[in-house]
Amino acid sequence: MTTTTDSQPLAVAGGKPVRTAAFPGWPIFDATEEDAILGVLRSGKWFLGDRVAEFERTFSDFCEAKHGIAVSSGTVALQVALEAAGVELGDEVIVPSYTFIATASSVALVGGIPVFVDVDPDTYLIDPAGVEAAITEKTKAIIAVHIAGQPADLDALTAIAAKHDVRLIEDAAQAHAAAWKGRRVGAIGDLGTFSFQASKNLNAGEGGFVVSDDDELHLRAWSIHNCGRAPGGEWYEHPLVGGNYRLTEMQAALALSQMQRLEEQTKTRTRNAALLTEQLSEIEGIGPLTVDDRVTCHAYHLYVLRFDSDAFGGASREQFLKTLAAEGIPCAAGYKPLYREPAFQARFSEFPLSSPAFGGRPDYSNVHCPVTERICADEAVWLTQNLLLGSDSDISQIAEAIAKIARQPEALATA
Ligand SMILES: Cc1ncc(COP(=O)(O)O)c(C=O)c1O
């Protein structure tokens with residue numbers, strides 16, 4: 001560990017920050033993306049053209065999935081997957097309590113009832129035992145979220161889904177390229193969804209994707225995303241009720257260009273995450289989440305640290321975040337327990353959860369997921385994926401800033 005900062009006061013107390021340079025920016029692009037978008041513009045074909053078709057083929061192949069559909073966002077991808085899976089008014093869908101709101105709001109938007117299950121304290125991923133305990137006769141599907149880019153326990157979750165005859169949907173919005181026992185995530189479950197929103201490891205500004213190996217589920221999803229049409233059918237022929245959830249040609253062109261960078265960026269994140277993990281192992285009271293041995297690729301959309309206040313003189317996680325940011329390392333606390341959001345508490349919601357079809361609005365006021373509540377309140381520290389795209393010295397400075405803080409718990413406690 002570098003020791004140049006041994007005697008330096010903390011930056012929050014007026015000392016010199018470990019780092020003043022910016023980390024690699026995001027998005028990363030050049031003339032390739034510019035040409036791709038201009039090509040579409042000049043072609044005059046701005047929807048349902050060869051860019052969308054090529055992106056659907058390329059990204060499905062990348063995900064080792066038989067089928068794939070490009071849609072307008074990760075939220076919409078979840079809605080399409082849930083509808084294709086047959087979720088109807090009043091059906092229960094099990095979701096983790098530690099995730100982005102879209103995992104649960106998409107369930108409500110298609111008329112289902114989100115049922116929140118706590119996460120594992122070592123991985124922050126949905127706890128399979130909790131999933132099994134939450135299954136009722138109204139359960140229609142389970143959404144496994146690969147939070148931060150680490151696959152959830154897909155062995156346990158596929159077994160539970162099969163045993164209870166419910167669908168397993170993978171929310172892989174944060175997990176492009178992630179792999180479980182050598183297979184890319186997405187189509188290991190019945191259906192899988194991705195996001196290409198601007199912060200994601202594959203960025204098209206906005207966008208989403210639905211993958212599946214199941215011909216029938218794919219056909220339903222395809223129809224739902226394209227106004228209820230049938231593949232190869234007439235333009236004004238609508239066997240199903242669907243929405244218009246299509247991706248534009250410009251977004252597909254951008255996503256295709258960005259895909260050329262994805263493998264290399266994934267390798268860089270993997271290498272830098274390993275380096276950071278190694279350097280942090282020398283510091284008491286802070287370290288990364290556990291990575292399951294069966295995870296053969298972690299996408300590292302986030303590098304999540306567990307902060308132990310006791311090892312930092314009783315300082316709060318908020319004091320640590322403020323102090324680390326002052327040392328030049330951007331960081332964040334991340335999610336709040338999802339069921340605590342006003343969207344699911346008393347202030348929500350005229351529709352759809354208030355519909356008589358539910359037999360009374362679901363009451364989330366008594367839901368408690370203790371692990372999620374603890375990690376959201378005191379423990380989680382997020383570093384975003386772009387911090388892992390730099391050099392060895394960028395990574396060393398992250399560890400150096402944390403080590404500097406760890407050496408001065410009294411100063412941290414007054415930050
Ligand atoms: C886990 C998870 N699910 C779903 C989504 C929704 O994706 P989008 O923002 O493209 O609608 C996100 C995006 O932040 C996410 O992180």
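Predicted model: local features only at pLDDT ≥ 70, side-chain atom pairs only at ≥ 80, totals over all residues.
1. Seven strands form an open sheet with mixed pairing, and their order is S1-S9-S8-S5-S4-S2-S3. The edges are held by S1 (67-71) and S3 (113-117); each has a single partner strand, so one side of each is left without a neighbour in the sheet. From one strand to the next the twist averages 25 degrees.

2. Strand S8 and its partners. In general, strands of a sheet pair through backbone hydrogen bonds, in either a parallel or an antiparallel sense. S8 (residues 191-195) runs parallel to S5 (residues 167-171), to which 3 bridges join it. Within this pair, Ile169 stands opposite Leu191, and Asp171 stands opposite Thr193. With S9, S8 pairs in the antiparallel sense over 4 bridges; here Ser195 lies opposite Gly208.

3. Burial of S8. Are the residues of S8 buried or exposed? Of its 5 residues, 5 are buried, so S8 is largely enclosed by the rest of the structure. In a regular strand, side chains alternate between the two faces of the sheet. In S8, Leu191, Thr193 and Ser195 point one way, whereas Gly192 and Phe194 point the other way; all are buried.

4. Helix H2 against the sheet. H2 packs on the sheet and touches S1 and S9 (208-212). The direction of H2 makes about 130 degrees with that of S1.

5. Helix H2 against helix H8. H2 (residues 50-62) also packs with H8 (residues 249-280), at an angle of about 40 degrees and with the axes 8 Å apart. The crossing is left-handed. On the H2 side the contact is made by Arg51, Val52, Glu54, Phe55, Thr58, Phe59 and Phe62, which meet Glu249, Ala252, Ala253, Ala255, Leu256 and Met259 in H8. By class, the residues of this contact comprise 9 nonpolar, 1 polar and 3 charged.

6. The ligand shell. Which residues are closest to the ligand? They are Ser73, Gly74, Thr75, Ala173 and Ser195, among 14 residues that surround the ligand. Helices H3 (74-84) and H4 (102-109) are the elements that give two or more residues to this shell. The shell has 4 nonpolar, 9 polar and 1 charged residues.

Methods. Residues numbered from 1 in each chain as written. Axes fitted to C-alpha atoms, helices over the stretch in contact; angles between N-to-C directions. Left-handed = near helix turned anticlockwise from the far one by under 90°. Contact = placed C-beta atoms within 7 Å. Nonpolar A, V, L, I, M, F, W, Y, C, P; charged D, E, K, R; others polar. Pairing = 2+ DSSP bridges. Near = placed C-beta within 6 Å. Buried ≥ 20, exposed ≤ 12 C-beta atoms within 10 Å, placed from the backbone.
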